[in-house]
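Biologist: I want to learn how to read strands and their pairing. Please take me through a case.

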Amino acid sequence: GRDLICIQSMDGMLMLFEQESYAFGRFLPGFLLPGPLTYSSRTDSFITVSSCRQVESYKYQVLAFATDADERQETEQQKLSSGKRVAVDWVLNIGEQALDIRVVSFNQAVSSVFVLGERNFFCLKDNGQIRFMKKLDYSPSCFIPYCSVKEGTINTLVGNHSKMLNVYQDITLKWATQLPHIPVSVKVANLQDLKGVIVTLTDDGHLQCSYLGTDPSLFQAPRVDSREINYEEFEAEMKELQKIIKEATKTQDILPKSEKHRDIIVTAEVSPDLDAESQAIDSEVKAEAVPSVTVKITIQSRVTAQKPSLAVCVQAPLAVTCDQFVFDDLEPDSSETVVLSVFLKGNCSPSELEGNCMVSYNISTGIPKVAQCNFRLPLRLVCSPAQPSKAANHKITIDTNKPPISFLTIFPDFVDPSEDDQANVLGFQFLTGSKTTLLASKTSQRYRIQSDQLEDLWLITKELTLRLEEHFKRQNCKDFACTFSGSIPLQEYFELIDRHFELRLNAEKFQELLSERAVQFRAIERRLLTRFKDKTPAPLQHLDTLLEGTFREVIALADAAEENQANVFQAFTKLKSATHLMIMLISLWQKLSTDQVAVLEATFLPLAEDTPELGWEETVDAAISYLLRTCLSKSSKEQALTLSSQLCMPKDTSRLKKNITLFCDRLAKGGRLSLSTDSATQQATVMPGGCTTIPESDLEERTVIPGSTATVPSHGQIAKQKSKP
């Protein structure tokens with residue numbers, strides 16, 4: 001007739017109360033964190049799940065006669081020798097933490113202990129033996145065993161974090177139902193005349209009473225009179241319905257619409273002048289002033305656009321003052337405008353002066369959509385006018401089919417109209433310190449670009465060709481064309497590749513050294529902790545000095561790795577600029593079509609950024625090897641070669657440089673780029689060797705073959721001669 005209460009504390013103590021009187025307290029052995037606790041009246045014992053992930057049972061009698069936790073603290077020797085220590089009755093290792101424990105005893109079923117784990121639930125006998133267990137393919141949140149109508153079985157309700165409630169009969173799933181919330185506790189109750197009500201509680205205090213089953217339907221469908229089926233009518237109706245379905249699914253908010261019918265139109269307007277007050281922030285450029293240019297982006301909506309967001313991307317080392325914008329829902333025929341500034345942040349010249357705006361939004365039907373546009377940044381953003389330089393290490397010459405245009409016309413933002421000497425020669429000073437000179441021939445239709453760095457030729461060459469094309473387009477001249485007949489600067493290009501690859505190798509070495517020093521640091525830490533925990537003081541034997549020295553080495557290696565990472569980024573940016581230049585020179589030299597230039601760009605510029613897992617060298621090598629094996633193959637034997645399916649960092653760049661040289665040589669002999677396997681096979685069949693058959697002597701007399709001067713001897717070395725343009 002008395003109420004007995006057991007309270008488990010956070011430190012592992014069980015406190016027993018008789019009514020309001022404190023009886024005794026006991027500490028559970030090996031306790032770390034409290035787990036679920038229940039009482040079995042059949043065996044008069046407490047059952048819990050310890051931090052060792054095992055079910056433990058303690059008899060009440062053993063707890064009552066054990067040493068009181070409040071009286072004294074036992075030593076380890078006393079615990080081993082004393083007969084009054086807390087002893088466990090039985091233990092079962094379940095290998096996971098438990099969420100709840102229930103002890104059930106029904107008339108038609110044996111007494112059982114149910115344990116709900118993180119991935120299983122167990123049914124145990126009173127002595128700790130497993131009656132059965134069920135592996136769950138979801139994350140449970142609560143459970144409750146209850147009486148089954150079938151003799152010898154027990155039903156269990158298990159709620160999970162997917163808002164589902166499953167009904168099991170022993171280990172068999174009998175029913176599953178959806179809940180509107182995640183239950184943290186579940187009970188079965190009888191409310192007035194309604195039996196078997198399922199009561200669930202959520203973590204935010206939402207209480208719900210529900211029951212399984214459906215209300216009976218008293219409607220009975222009338223009997224349909226049998227009649228003959230007219231298949232012709234059914235077939236005509238089926239065709240009509242299929243036509244309607246096809247029209248409905250043809251363009252329903254899925255396929256992209258034309259420019260005139262787009263839901264949202266994004267436009268970017270770049271200011272023709274640089275900002276009067278520069279908006280550059282945290283720039284690493286060492287120049288006196290880092291300019292910035294304003295970009296005005298307008299979003300025009302023709303429909304209701306939900307949750308629109310704008311992302312502005314420019315290629316590093318360029319940066320924007322703000323790259324993310326979130327707007328409220330746009331109404332039809334409304335617009336939003338944002339203004340931002342672009343500037344040079346990193347201390348190296350970019351490989352592209354282009355940016356991208358992308359707007360993502362949802363339409364009223366919930367379908368996500370994207371609208372985007374590109375914008376072109378001015379050359380003045382990264383360089384300024386300077387005095388031309390006569391001497392330079394690298395020179396390229398671009399031929400045209402039109403008389404040279406005065407720089408006063410095509411470069412008005414870089415020349416002073418009062419100085420006539422700038423009509424045919426112009427100097428560009430990059431913010432990073434390098435200088436490039438542009439010269440126009442007075443007698444021939446040629447332009448020469450020269451600089452001390454190969455990568456610095458790219459932006460000026462691209463700007464020159466773009467401005468020439470725009471000039472002649474305004475003059476309604478449609479036959480303007482640029483060509484290149486000089487020598488492809490392969491050797492200088494290979495030097496940039498070697499520099500980038502060397503820095504990648506240094507990054508791997510730094511990673512290995514950091515790993516070794518970190519292992520050493522942790523080993524010294526463990527030894528020091530062991531010394532400090534030891535009750536008998538012992539000399540440190542200079543472990544503290546060794547720890548401090550290792551720590552300094554780790555910091556120095558981390559700083560060196562970070563500096564090397566910045567150098568890798570700069571080297572990769574320079575390599576991309578030089579690669580863009582190589583693509584342009586090859587396309588002008590071979591007069592490649594737009595599709596072939598796209599293949600060339602995909603081959604040499606497959607990566608937007610360099611990563612330790614996938615680098616530029618191995619990716620480009622695989623792409624060039626594929627082209628040499630398919631559309632540029634010389635025989636069926638080369639086509640039969642298989643490429644490695646796994647990309648890994650090579651030991652050196654000799655194979656890559658050999659393949660690039662061979663690639664240029666095959667193009668010089670008439671090879672054409674194509675990704676179609678059919679066209680490659682047809683080309684190899686019609687033209688033996690996969691290339692147009694041109695006599696070598698005739699070829700040497702008529703043209704200078706860029707890249708053919710780079711020969712590949714049997715020992716793999718690459719020698720190259722320069723031919724003057």
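Modeller: Start with a cut-off: a residue counts as buried when its relative accessible area is under 20%. Keep in mind that this is a predicted model.

Biologist: How many residues of strand β20 are buried?

Modeller: Seven of the 10 residues in β20, which spans 292–301, are buried. The strand is mostly covered.

Biologist: How do strands of a sheet pair?

Modeller: Through backbone hydrogen bonds, in a parallel or an antiparallel way. Take β20 again. Strand β19 (residues 264–270) runs antiparallel to β20, and seven bridges join them. Strand β24 (residues 334–344) is also joined to β20, by 10 bridges, and this pair runs antiparallel.

Biologist: Which residue in β20 is the bridge partner of V266?

Modeller: That partner is I299. Now look towards β24: there I299 stands opposite E336.

Biologist: What about side chains along a regular strand?

Modeller: They alternate between the two faces of the sheet.

Biologist: Now the open sheet. What is the order of its four strands?

Modeller: Read it as β12-β13-β14-β15, with antiparallel pairing. The edge strands are β12 (140–147) and β15 (172–178), and each pairs on one side only. From one strand to the next, the twist averages 20°.

Biologist: How many bridges join β12 to strand β13?

Modeller: Seven, with β12 and β13 (residues 154–160) running antiparallel. To find one on screen, go to P145: its bridge partner in β13 is T156.

Key:
Residues are numbered from 1 along each chain as its sequence is written. This is a predicted model: local features need pLDDT of at least 70, side-chain atom pairs count only at pLDDT 80 or more; totals for chains, interfaces and linings use all residues. Side-chain values use heavy atoms; hydrogens and water are left out. Buried means under 20% relative accessible area, exposed over 50%, partly exposed in between (1.4 Å probe, protein chains only). Helices (H or I, at least four residues) and strands (E, at least two) are DSSP runs, numbered from the N terminus. Two strands pair if DSSP finds at least two bridges between them. Axes are lines fitted to C-alpha atoms, for helices over the stretch in contact, and angles run from 0 to 180 degrees between N-to-C directions.
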